[in-house]
Amino acid sequence: MRGSEPDSRGRAGGSTRIHVVSDVHGNTEALARAGDGADALICLGDLVLFLDYADHSRGIFPDLFGRENADRIVALRTARRYDEARAFGRELWAGRDRNTEILGAVRRQYAELFAAFPTPTYATYGNVDVPDLWPEYARPGTTVLDGERVEIGGRVFGFVGGGLKTPMNTPYEISDEEYAAKVEALGPVDVLCSHIPPEVPELTYDTVARRFERGSRALLEAIRTTRPRYALFGHVHQPLVRRMRIGTTECVNVGHFASTGTPWALSW
C-alpha cells in the first residue's frame with residue numbers, strides 16, 4: 001500500500017485508488033471533480049465556509065456583515081483577542097436571529113456541496129460542520145461515519161469527526177473524553193481518518209495564523225499502539241509539516257483542498 005500524488009493519468013499503478021480531501025470550505029466546483037479517476041472519495045470535514053481568512057469577502061460572515069467587518073473580526077482573532085472578537089460579534093448580531101440566519105446560510109451551502117459529492121463518498125464531520133443537518137443532505141452513495149469503520153478495497157478505514165474544545169467555539173467541538181471514546185471504538189485500522197491531527201507540534205502549528213491548533217492525544221496514542229499504515233487529517237491549513245512518520249505510520253495533512261482544489265491520492 002502506498003501514497004501518491006494525484007495526476008491526470010488516473011490510477012497510480014494499483015488496483016484501488018482513493019482520493020482524500022479535507023477543509024473544503026465552500027469549494028463546490030473543485031469538489032465535483034475530486035473523485036475523477038478514483039474508486040471512492042473520502043472527505044474529512046469542514047464543508048462550510050463561514051469566513052475565508054485569505055479572502056475576507058468570501059463566506060457566511062461577510063455575506064451577512066460585509067467585508068469591512070470581516071477584516072476586523074479576522075484581525076482580532078489572529079491577534080488572539082478573543083474576548084474582543086466575541087464582544088464585536090455580539091454587537092453585530094444585536095437585534096438579529098443568529099441561529100436562523102446562520103442555519104439558513106449553512107443549509108444553502110450544504111445543498112450545493114452534498115450534491116457535488118461523487119458516488120461513493122465516505123465522509124466525516126469537521127469542527128465547523130453541523131452534524132444534525134447532514135442526514136437531510138447526504139444522498140444515496142454518501143456514507144457518513146463518526147467513530148466507525150468501513151472496508152474499502154480490502155483495507156479498513158476508521159473515521160473520527162469533529163474537533164476539540166477551543167476559544168473559537170466552533171459548532172462541532174467536543175470534550176477530550178468524548179473524542180477519545182470515538183477513537184477507542186475504532187480499534188486497529190489500516191487507515192485512520194480524522195478531521196484534526198494527532199497532538200504533535202509540527203502537525204498542529206499553523207504557520208500563517210502563527211498559532212497551535214488543537215490536536216488529539218488520543219489519536220497520537222492510537223497511532224503509537226495500533227500502528228495504522230496511514231493517519232490522514234486536515235484542520236491545520238498551513239502546517240509547519242504536511243507529512244511525517246510516527247513509528248511505522250505515515251501521517252499526512254490533506255487539509256489544503258479549499259485553496260488548491262486538488263485531492264490527495266492513495267493507491268494500493
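Mentor: We will go through sheets, rings and charges in turn.

Mentor: This is a predicted model, so local features need pLDDT of at least 70, side-chain atom pairs count only at pLDDT 80 or more, and totals for chains, interfaces and linings use all residues. Residues are numbered from 1 along each chain as its sequence is written, and side-chain values use heavy atoms, with hydrogens and water left out.

Trainee: OK, sheets. What is the strand order in the open sheet of 6 strands?

Mentor: The order is β6-β7-β10-β13-β15-β14, with mixed pairing. Strands pair if DSSP finds at least two bridges between them. Strands (E, at least two residues) and helices (H or I, at least four) are DSSP runs, numbered from the N terminus.

Trainee: Which strands stand at the edges?

Mentor: β6 (148–152) and β14 (243–246). Each has a single partner strand, so one side of each is left without a neighbour in the sheet.

Trainee: And how much are neighbouring strands turned against each other?

Mentor: By 20 degrees on average, direction ignored. Axes are lines fitted to C-alpha atoms, for helices over the stretch in contact, and angles run from 0 to 180 degrees between N-to-C directions.

Trainee: How do β6 and β7 run, parallel or antiparallel?

Mentor: Antiparallel, joined by 5 bridges. E148 stands opposite F159 in β7. The hairpin of β6 and β7 has 2 residues between the strands, and G153 there takes a positive phi near 60 degrees.

Trainee: What about β7 and β10?

Mentor: Those pair in the parallel sense, over 4 bridges. F157 stands opposite V191 in β10.

Trainee: How many residues of β7 are buried?

Mentor: 5 of the 6, so β7 is largely enclosed by the rest of the structure. Buried means under 20% relative accessible area, exposed over 50%, partly exposed in between (1.4 Å probe, protein chains only).

Trainee: Which helix lies across β6, β7 and β10?

Mentor: Helix α7 (residues 176–186), running at about 170 degrees to β7.

Trainee: Further along, how do β13 and β15 pair?

Mentor: β13 (residues 230–233) and β15 (residues 249–253) pair in the parallel sense over 4 bridges. L232 stands opposite V252 there.

Trainee: New topic: β3. Which of its residues are buried on each side?

Mentor: In β3 (residues 40–43), A40 and I42 are buried on one side, L41 and C43 on the other. Both faces are covered. In a regular strand the side chains alternate between the two faces of the sheet.

Trainee: Which strands does β3 pair with?

Mentor: β2 (residues 17–21) pairs with β3 in the parallel sense over 4 bridges. V21 has C43 as its bridge partner. β4 (residues 121–123) also pairs with β3 in the parallel sense, over 3 bridges. There L41 stands opposite T121.

Trainee: Rings next. How many aromatic pairs are there?

Mentor: The search of the whole structure finds 14. F65 and W93 have ring centres 4.9 Å apart and planes at 90 degrees, so that pair is edge-to-face. F65 lies in α2 (residues 60–65) and W93 in α4 (residues 82–93), so the pair ties together parts that are 28 residues apart in sequence. Both F65 and W93 are buried.

Trainee: What are the cut-offs for a pair?

Mentor: Rings of Phe, Tyr and Trp (its six-membered ring) pair if their centres lie within 6.5 Å. Planes under 30 degrees apart count as stacked, over 60 as edge-to-face and the rest as tilted.

Trainee: Where is there a cluster of aromatics?

Mentor: Y110, F114, F117, Y125, W134, Y137 and Y172 form one.

Trainee: Last topic, charges. How many salt bridges?

Mentor: The count comes to 14. A salt bridge is a side-chain nitrogen of Lys or Arg within 4 Å of a carboxyl oxygen of Asp or Glu. One of them joins E250 and R243, with the closest N and O atoms 2.6 Å apart.

Trainee: Is E250 buried or exposed?

Mentor: At 12% relative accessibility, E250 counts as buried. R243, at 36%, counts as partly exposed. Salt bridges that share partners join R243, R245 and E250 into one network.

Trainee: And R33, what does it bridge to?

Mentor: E29, with the closest N and O atoms 3.7 Å apart. E29 counts as exposed at 62% relative accessibility, while R33 is partly exposed at 45%.

Methods:
Contact means heavy atoms within 4.5 Å.
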